[in-house]
Amino acid sequence: MVDVEEYLRKTSALLQGHFKLASGRHSARYIEKFRIMEDPAATTALCGMIAARYREAGIEVVVGPAMGGVILAFETARQLGVRDIFTEKDASGRHVIERGFQLRPGERALVVDDVLTTGGSVRQALELVRATGAEVAGVAFLIDRSGGAVDFGVPFFACHTMSIESYDPASCPLCREGLALVET
């Protein structure tokens, strides 16, 4: 059994402070996923959990939203023995599929990302996958920091679930305390 909390401690991935998340929300705790991904054993173990969960789902391609999902999609796909692709942001900040990557109609795709807060990047990836006619077979994350509050309408798996509060910037208690904001 993989002890995800031990990996978070071992890699110093769980940070305390005042952080602006990719979603624009603020939080007192932040998971620096790249601390995990710089540890090949941790990345292999966590992606192994995802691969085990979806091994019998007929996955044909793993899709990772850039940046955090790129390494995770690769490692999960490697363990499943399938190909991987990634989405990336264009000049407007929207996720796109480029670099000649293609999905086939009916192809079973698994979307893998790092840390779930609101699910915005994954929702964009899901739209892109569906627009090609491919089938979304599931969504997986290393960490679900929403405490299970986000529903993508497809089979969902997270290696670890935590309830980490986040705040709208207009009502952030950390801002009211005058704590320095760290951009993530």
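This is a predicted model: local features need pLDDT of at least 70, side-chain atom pairs count only at pLDDT 80 or more; totals for chains, interfaces and linings use all residues.
Residues are numbered from 1 along each chain as its sequence is written, and side-chain values use heavy atoms, with hydrogens and water left out. When I speak of helices (H or I, at least four residues) and strands (E, at least two), I mean DSSP runs numbered from the N terminus.

Back to Glu75, then, which is buried, with a relative accessible area of 9%; buried here means under 20% relative accessible area, exposed means over 50%, and partly exposed lies in between, with a 1.4 Å probe and protein chains only. Leaving aside neighbours within four places in sequence, Glu75 is in contact with Thr43, Thr44 and Cys47, where contact means heavy atoms within 4.5 Å.

Helix α3, residues 40–54, packs with helix α4, residues 68–80, at an angle of about 55°, and their axes are 8 Å apart; axes are lines fitted to C-alpha atoms, for helices over the stretch in contact, and angles run from 0 to 180 degrees between N-to-C directions. That makes α3 oblique to α4, given that angles under 35 degrees count as roughly parallel, over 145 as roughly antiparallel, 65 to 115 as roughly perpendicular and the rest as oblique. On the α3 side the residues that meet α4 include Thr43, Thr44, Cys47 and Tyr54, and on the α4 side they include Ile71, Leu72, Glu75 and Leu80. The residues of this contact divide into seven nonpolar, five polar and two charged; Ala, Val, Leu, Ile, Met, Phe, Trp, Tyr, Cys and Pro count as nonpolar, Asp, Glu, Lys and Arg as charged, and the others, Gly among them, as polar.

Now to the strands. Strands of a sheet pair through backbone hydrogen bonds, either parallel or antiparallel, and two strands are taken to pair if DSSP finds at least two bridges between them. Strand β6, residues 108–116, runs parallel to β7 and is joined to it by eight bridges, with Asp113 standing opposite Phe141 and Val112 having Ala140 as its bridge partner. Strand β3, residues 61–65, is also parallel to β6, through three bridges, and here Val63 stands opposite Val111. Eight of the nine residues of β6 are buried, as are nine of the ten residues of β7, which spans 135–144.

A separate item is the open sheet of four strands, with mixed pairing, in the order β9-β2-β1-β10. The edges are held by β9 (166–167) and β10 (182–183), each with a single partner strand, so one side of each is left without a neighbour in the sheet. Two bridges join β2, residues 26–31, to β9 in antiparallel fashion, and His26 has Tyr167 as its bridge partner.

Which residues does Ile164 touch, not counting residues up to four places away in sequence? Ile164, in the loop between β8 (156–161) and β9, touches Leu14, Ser27, Arg29, Ile31 and Arg145, and Ile164 is buried, with a relative accessible area of 7%.
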